[in-house]
Amino acid sequence: MNTHELTEQFKQKYGDGSHPVRLFQAPGRVNLIGEHIDYNGGYVLPAALEFGTTLVIRAREDDELHFASTNFEYESVISVKDAGKQKTGEWVDYPVGVIVELIEKGIELSNGYDMLFHGEIPNGAGLSSSASIEVVTAYTLLSLEGQATDTVEIALLSQRAENRYVGVNCGIMDQFAVANGAKDHAILLMCDTLEYKRVPFKTGSYKLIIGNTNKRRGLVDSAYNERRTQCVEALDILRKEHPSLNYLAQLSVEQFQTLEDLIGDETVRRRARHVVEENARVLASVEALADNDLVTFGQLMNASHDSLRDLYEVSCKELDVMVEEARRIPGTLGSRMTGAGFGGCTVSLVHEGDVEEFVKRVGEAYRTRTELEASFYVCGVGDGVKERKGDM
Ligand code: GLA
């Protein structure tokens with residue numbers, strides 16, 4: 001929906017008011033490579049999508065916060081002073097969690113707001129629809145309250161909202177990418193120090209295709225937490241030899257090879273090996289992209305998926321089928337699952353001349369093999385959070 005349509009919809013819902021209506025947008029994200037690395041203190045390479053969540057907002061005269069969405073029926077009204085008193089288990093927990101964190105930081109809202117959220121990211125698809133809602137809420141309210149909009153701080157605050165209020169133990173990658181993305185650039189983020197660099201993502205005649213398995217992501221929270229615990233377990237063992245080690249991803253592949261036998265549990269050892277090798281693949285990917293060597297980058301994407309499937313075990317049948325079928329298309333340079341896993345999406349790098357065939361053939365084979373209907377998005381890399389002005 002363009003800004004005009006969204007503004008009209010907002011006015012239909014909330015009527016006319018004396019303050020101006022403004023629109024802000026935060027994108028979804030796709031992780032190109034570096035999966036399950038953020039909470040292990042290494043490098044990730046996500047990119048912002050061209051679609052995301054728009055927040056249409058207007059200040060109120062009183063202290064009421066009105067939440068509505070074009071995607072969900074659930075709506076709510078709370079007063080600023082009651083923010084965070086009652087978790088609902090509904091989508092509003094995301095923006096409310098952000099407001100709670102703003103208040104925690106000493107940023108009081110000076111009045112209430114009418115808010116209409118419009119999301120274009122499929123929910124639960126691993127494209128960070130929740131990070132997108134959090135970041136757009138934080139950026140918008142800070143802007144309207146005349147506060148600084150430091151996008152690194154916004155990412156951290158949004159992550160805290162997700163960890164503490166929503167109760168999901170995610171790392172920093174999603175919120176960081178959504179807050180700091182830039183058109184046609186991937187973000188090389190060092191998750192330990194939060195140092196980052198925007199690297200040009202020039203794919204020439206190749207396109208990114210996101211394939212949504214449309215498989216409901218079951219078990220994702222418990223399995224995610226289990227992986228995190230296993231990484232801590234591996235780290236604790238290795239720290240006995242190397243007390244200065246703070247994160248698994250600080251180890252080079254060679255260092256890990258000399259140490260891995262210390263980890264007695266075979267499963268835990270495989271988890272740690274994935275982390276160390278995946279981290280190295282991110283750095284190799286950045287070099288390949290700088291050299292315009294998309295073939296190597298595609299091979300690294302493939303290796304990443306295989307490791308997530310075999311060593312980290314966060315893939316699932318649907319993701320594996322989609323990746324396998326994608327790799328059968330001659331113009332595919334690489335294909336992998338993206339995000340936490342157990343469902344959600346794949347990302348593939350495909351020659352523009354093969355995109356149509358990709359969508360048709362992968363879609364058909366996927367339907368036959370899984371009895372599910374896939375969705376595909378051919379997408380470019382967009383900007384991070386910003387105000388939406390004029391028609392788009
Ligand atoms: C989810 C989490 C991220 C990250 C990825 C896996 O998207 O929110 O913090 O851990 O999984 O790479």
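**View 1. Helix H3 within the structure.** In this predicted model, 14 of the 16 residues of H3 are buried, so H3 is largely enclosed by the rest of the structure. The helix, which spans residues 129-144, reaches 22 Å from its first C-alpha to its last, a value close to the 22 Å expected at 1.5 Å a residue. Beyond the helix, H3 is followed by glycine 146, a residue whose phi is positive and lies near 70 degrees.

**View 2. The crossing of helices H3 and H5.** The axis of H3 and the axis of H5, the latter helix comprising residues 173-180, come within 9 Å and cross at roughly 55 degrees. That angle makes H3 oblique to H5, because it falls in neither the roughly parallel class, under 35 degrees, nor the roughly perpendicular class, 65 to 115 degrees. The crossing in which H3 passes H5 is right-handed. On the H3 side the contact involves Ala131, Ser132, Glu134 and Val135, and these meet Asp174, Gln175, Val178 and Ala179 on the H5 side. By residue class, the contact of H3 with H5 divides into four nonpolar, two polar and two charged residues.

**View 3. The crossing of helices H2 and H3.** Helix H2, residues 93-104, has an axis that comes within 9 Å of the axis of H3, and the two cross at roughly 45 degrees. With that angle, H2 is oblique to H3. H2 passes H3 in a right-handed crossing. From H2, the contact is made by Tyr94, Pro95, Val98, Ile99 and Leu102, while H3 contributes Ser130, Ile133, Glu134, Thr137, Ala138, Leu141 and Leu142. The residues of this contact of H2 with H3 comprise nine nonpolar, two polar and one charged. Glu134 of H3 takes part here and is also listed in the contact with H5.

**View 4. The surroundings of helix H5.** Eight of the eight residues of H5 are buried, so this helix is largely enclosed by the rest of the structure. The buried residues are Met173, Asp174, Gln175, Phe176, Ala177, Val178, Ala179 and Asn180. Their packing partners include two helices, H3 and H4 (151-166). The buried residues of H5 also pack against the strands E1 (22-33), E2 (43-59), E6 (185-190) and E7 (196-200).

Definitions and conventions: Residues numbered from 1 in each chain as written. Predicted model: local features only at pLDDT ≥ 70, side-chain atom pairs only at ≥ 80, totals over all residues. Heavy atoms only, no water. Axes fitted to C-alpha atoms, helices over the stretch in contact; angles between N-to-C directions. Helix = DSSP H or I, 4+ residues; strand = E, 2+ residues; numbered from the N terminus. Parallel < 35°, antiparallel > 145°, perpendicular 65-115°, else oblique. Left-handed = near helix turned anticlockwise from the far one by under 90°. Contact = heavy atoms within 4.5 Å. Nonpolar A, V, L, I, M, F, W, Y, C, P; charged D, E, K, R; others polar. Expected span 1.5 Å × (residues − 1). Buried < 20%, exposed > 50% of the residue type's maximum accessible area, 1.4 Å probe, protein only.
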